[in-house]
Structures are given as C-alpha cells and as structure tokens.
Amino acid sequence: MIIDPHLHVWSDDEERYPFSGQSSPREEGSVELLNRTMAEAGVDRAVIVQPIHYLFDNRYLADCLKRFPGKFAAQALVDPTGPEAPDLLEEL
C-alpha cells in the first residue's frame, strides 16, 4: 500500500467554499484531480492537509473525507486563539 502523507486540495466552487482572501490558488486542485493523479501514480491513500487558501474553514476538507470514506485522512487548521478552539478541535 502506498500512502502520500501531505497533499492539499481546494474546490473550484468558490461560492460554496470561499477562499480566505489571504491566498487563492491559480491552478486546479480539486479532490477529483487528486483521485485521478493518485490512480495514475498507484497511490492508494493520502493525508490531505488544510490549505492556507481556506485558513480555518475546514468545510471542504471535511466534505472530502465524507465523500471518500477510508481513502483519506486529514490535518485541519484551528485558530488557537479562538474561544471555541478546544471544542472545534475535538469535533474535527
């Protein structure tokens, strides 16, 4: 089994998954592209790391995990200064 331990993905649907404004990608980076690329390279599983494009909004990351159960693990970002950080970290 081959596992890629560090990948980033982002959606083309900026209305549903808006970028944080600090950074926005210039190329495609969808989970669909990741799946195609993994298949071509013979990679079985991957760890998706939350991209800076979404800052602390982990919705796309969570949706990718739900859409492809067992295929991905994830590393989310949580604002450590936010009062809800401990609860959000536990939820994620």
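This is a predicted model: local features need pLDDT of at least 70, side-chain atom pairs count only at pLDDT 80 or more; totals for chains, interfaces and linings use all residues.
Residues are numbered from 1 along each chain as its sequence is written. Local features need pLDDT of at least 70, side-chain atom pairs count only at pLDDT 80 or more, totals for chains, interfaces and linings use all residues, and side-chain values use heavy atoms, with hydrogens and water left out.

The chain holds 3 helices and 3 strands (DSSP runs numbered from the N terminus, H or I of at least four residues for helices and E of at least two for strands). From the N terminus, their order is β-α-β-α-β-α. With a radius of gyration of 14 Å, close to the 12 Å that the globule rule gives for 92 residues, the chain is as compact as a globular protein of that length (the radius is taken over C-alpha atoms, and the rule is 2.2 Å times the number of residues to the power 0.38).

Strand pairing comes next. β2 and β3 (residues 72-75) pair in the parallel sense over 4 bridges (pairing requires at least two DSSP bridges between the strands). Val47 has Ala73 in β3 as its bridge partner.

And what of the core? The largest nonpolar core has 16 residues, of which Leu34, Ile48, Tyr60 and Phe72 touch the most other members (such a core joins buried Ala, Val, Leu, Ile, Met, Phe, Trp, Tyr and Cys residues through side-chain atoms within 4.5 Å, buried being under 20% relative accessible area with a 1.4 Å probe, protein chains only). Two or more residues each come from α1 (31-41), β2 (45-49) and α2 (59-67). Beyond its neighbours within four places in sequence, Phe72 is in contact (heavy atoms within 4.5 Å) with residues including Val31, Leu34, Ile48 and Leu65.

Technical notes. Buried means under 20% relative accessible area, exposed over 50%, partly exposed in between (1.4 Å probe, protein chains only).
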